Amino acid sequence: MTTFAVRPGSSRQLAGTGTLLRFALRRDRVMIPVWIAVNALMVLSMPGTLEGLYGTPAERADLIRQMETNSSLRAMVGPVFGDSLGALTAWRVGVYAGALAAVMSLLIVVRHTRDEEESGRQELVASGMVGRRASLTAALLAAVVANGVLALLVTAGLAGQGTTGALALGLGIAAVGMVFATMAAIVAQLTESARLARGLTAAVLGAAFVLRAAGDSATDDGSSILTRLSPLGWLENLRPYASERWWVLALFAGAVALQGAVAYALAGRRDLGMSFLPTRPGPASGRLGSAGALAWRLQRGGVLGWSIGFFLAGVVYGGMTDGAADLVGDNDNARRIIERMGGQSGLTDAFLASMVGMLGLIAVLYIVASVLRLHGEETSGRAEPVLANAVGRVRWAAGHLVIAFGGAALIMLLAGLGFAVGYGRETGPILGACLVQLPAVWVVGGVAVLLHGVLPRAALAAWGIAGAVLLIGWVGPALNVPQVVLEVSPFGHLPKLPGGSMRWGPVLVLTGLAVLLVSGGLAGLRRRDMTT
C-alpha cells in the first residue's frame with residue numbers, strides 16, 4: 001500500500017494542512033452553512049416561542065412542576081433548571097442542538113478522512129509533500145470552524161437573554177460537536193468503510209441519547225449516573241442560564257484531547273487505505289447475482305439501523321402522548337402550535353399528528369442518504385466494474401432506489417407500529433398517518449435522484465433541500481410563519497392525520513411529482529458521462 005513520502009517530525013507530519021483545510025471548507029461550502037443555519041435558527045427562534053407559550057411566572061412555575069412529575073417528557077427533552085427564557089431555551093432545544101452539532105461534525109470528519117481514502121483521492125494527495133497527519137488535522141479543524149461559527153451565532157443571538165448563559169450554551173453545543181468529531185476520527189482509523197465509520201459513530205450518538213433519556217426519566221435534576229455517562233448529559237449539567245457549572249467544560253476538553261490523541265496515534269501506525277479492523281473480502285454466503293442484490297448488500301446495515309431507531313422513537317412518542325396532553329393543559333399558545341403542526345382535531349390527535357410529522361421529516365434524511373449512495377458509488381469508481389458487465393445504468397440505479405424508496409416506507413411503517421405499542425390504541429389510524437407522510441418523503445428523494453442524474457456535481461445540494469424542509473417543518477409552526485411558506489415544503493400539503501380528514505388529491509399529486517422527478521433523474525443518468 002502507498003505510504004506518505006515525508007520524514008518523521010512534527011512540522012513535516014502536518015505539512016499541507018492549511019491547503020487541505022481550505023479545500024475541505026470549499027468542498028463543504030454548502031453542507032456546513034446549511035447545518036449551521038438549521039441548528040442556529042432552531043435555537044434562536046425558541047425564546048420568542050417560549051415567551052408566547054409561558055409568558056407569566058405562574059405558567060413557568062406550572063411547567064416546572066409538570067416536568068418534575070412527568071418522566072416521559074424529561075426523557076425526551078431533559079429536566080428544567082430555571083424559569084427564565086434563556087433557561088427554558090436551553091431545556092427545550094439544548095439536547096437536540098447538541099445532537100445536530102454531533103451529526104454535522106461526524107459527517108465532516110469522515111468525509112475528509114476515510115471517504116477520501118476510500119475514493120482513492122487521498123492517495124493522489126499523499127503522493128505530494130503532504131504530512132501523514134495533515135488530512136486528519138484538516139478534517140478536525142474544519143469541524144472546529146463549523147462548531148465555532150455555530151457557537152458564535154448561538155452566543156450572539158441569545159445574548160439578550162444573558163451573555164453568560166448564552167456563552168455557556170454556545171460553548172456546550174460546540175463541545176458536543178467536537179466530542180463526536182474526535183470520536184469519528186478514531187472510528188475512521190479503525191474501519192475501512194466510510195459508510196461503516198458514519199454508522200458506528202452515529203450509533204454511539206444514539207446510545208448517548210438513550211443513556212441521557214434513561215437517566216433523566218429516573219431523576220429530575222440530571223444527577224443520574226446514566227446522564228453523566230453521556231456527552232448530551234454533560235451539556236444538560238452545564239446548566240446554561242441556571243448557575244452555570246463551568247467545570248463541565250473540562251469534561252468536554254478532556255474527552256476531545258484524549259480522543260484526538262488516540263486518533264493521531266492510530267493515524268501514525270497504519271498505511272494509507274488500510275484499517276485496524278479486518279474487512280471481509282466478500283459475502284459470507286450466497287452470491288451477488290444482480291445489481292439489486294449488491295445494492296441491498298451495501299445498504300442493509302443502514303436500513304436496519306434506521307428501522308430500529310424509528311420503531312423505538314414511535315414507542316417513546318406513543319408512550320408520552322397522554323403526558324404531553326397533561327403538560328399543555330390550558331395553555332392556549334402551546335395548544336395552537338401543536339394544532340398548527342398536527343391539525344385541529346383534538347389535542348391528543350394533534351399531538352400524535354405532529355410527532356408523526358416530525359418522524360416524516362427525519363425520514364427525509366434517510367432517503368437522501370440512501371439515494372446519494374449512488375453518487376458515492378459513482379465518484380469512488382466502484383460503479384465502473386459493475387457497469388462494465390451486462391448491467392445497464394438504469395438497472396444499477398434501480399437497485400439502490402428500490403431500497404431508498406422502499407426503505408422509507410418500511411421505517412415509517414415501523415414507526416407506526418411503535419406508536420401503536422407505546423400508545424396502546426388507534427393502531428389503524430396511526431399507521432395510516434405514518435404512511436401518508438411517504439409522498440412528501442419521496443418528493444425530496446426524487447429531487448436527490450434528479451440532481452444526481454442531471455447535475456451530478458451538484459448532487460450533494462440534496463442535503464440543502466433536506467435541511468430547508470426540516471427547518472420549515474420544525475421551526476415554521478412555532479414562529480407562526482404564513483401558510484404559504486409552510487407549503488413550500490411538500491409536507492405542508494399533507495392531510496393532518498390521525499384525526500383530520502383524508503385528502504387524496506395532494507397525496508396523489510405529490511406521488512406523481514415524485515415519479516416524474518425520479519424518471520427525469522434516470523433519463524439524465526442514461527445520457528450523461530459517468531463521473532470519476
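**Salt bridges**

Asp 216 and Arg 212 form a salt bridge, with their closest N and O atoms 2.6 Å apart. By salt bridge I mean a side-chain nitrogen of Lys or Arg within 4 Å of a carboxyl oxygen of Asp or Glu. This is a predicted model, in which local features need pLDDT of at least 70, side-chain atom pairs count only at pLDDT 80 or more, and totals for chains, interfaces and linings use all residues. Residues are numbered from 1 along each chain as its sequence is written, and side-chain values use heavy atoms, with hydrogens and water left out.

Back to the pair. Asp 216 and Arg 212 are separated by about one helical turn, because they sit four residues apart in helix α12. Helices here are DSSP runs of H or I, at least four residues, numbered from the N terminus. Both Asp 216 and Arg 212 are buried, meaning under 20% relative accessible area with a 1.4 Å probe, protein chains only; over 50% is exposed, and in between is partly exposed.

What else does Arg 212 meet in a salt bridge? Glu 236, at 3.2 Å from N to O. Arg 212 is in helix α12 and Glu 236 in helix α14 (residues 231-238), so this pair ties together parts 24 residues apart in sequence. Glu 236 is buried as well, like Arg 212.

Another salt bridge joins the side chains of Arg 198 and Asp 115, at 2.8 Å from N to O. Arg 198 belongs to helix α12 (residues 194-218) and Asp 115 to helix α8 (residues 114-119), 83 residues apart. Arg 198 counts as partly exposed because its relative accessibility is 26%. The count of salt bridges comes to seven.

Conventions
Helices (H or I, at least four residues) and strands (E, at least two) are DSSP runs, numbered from the N terminus.
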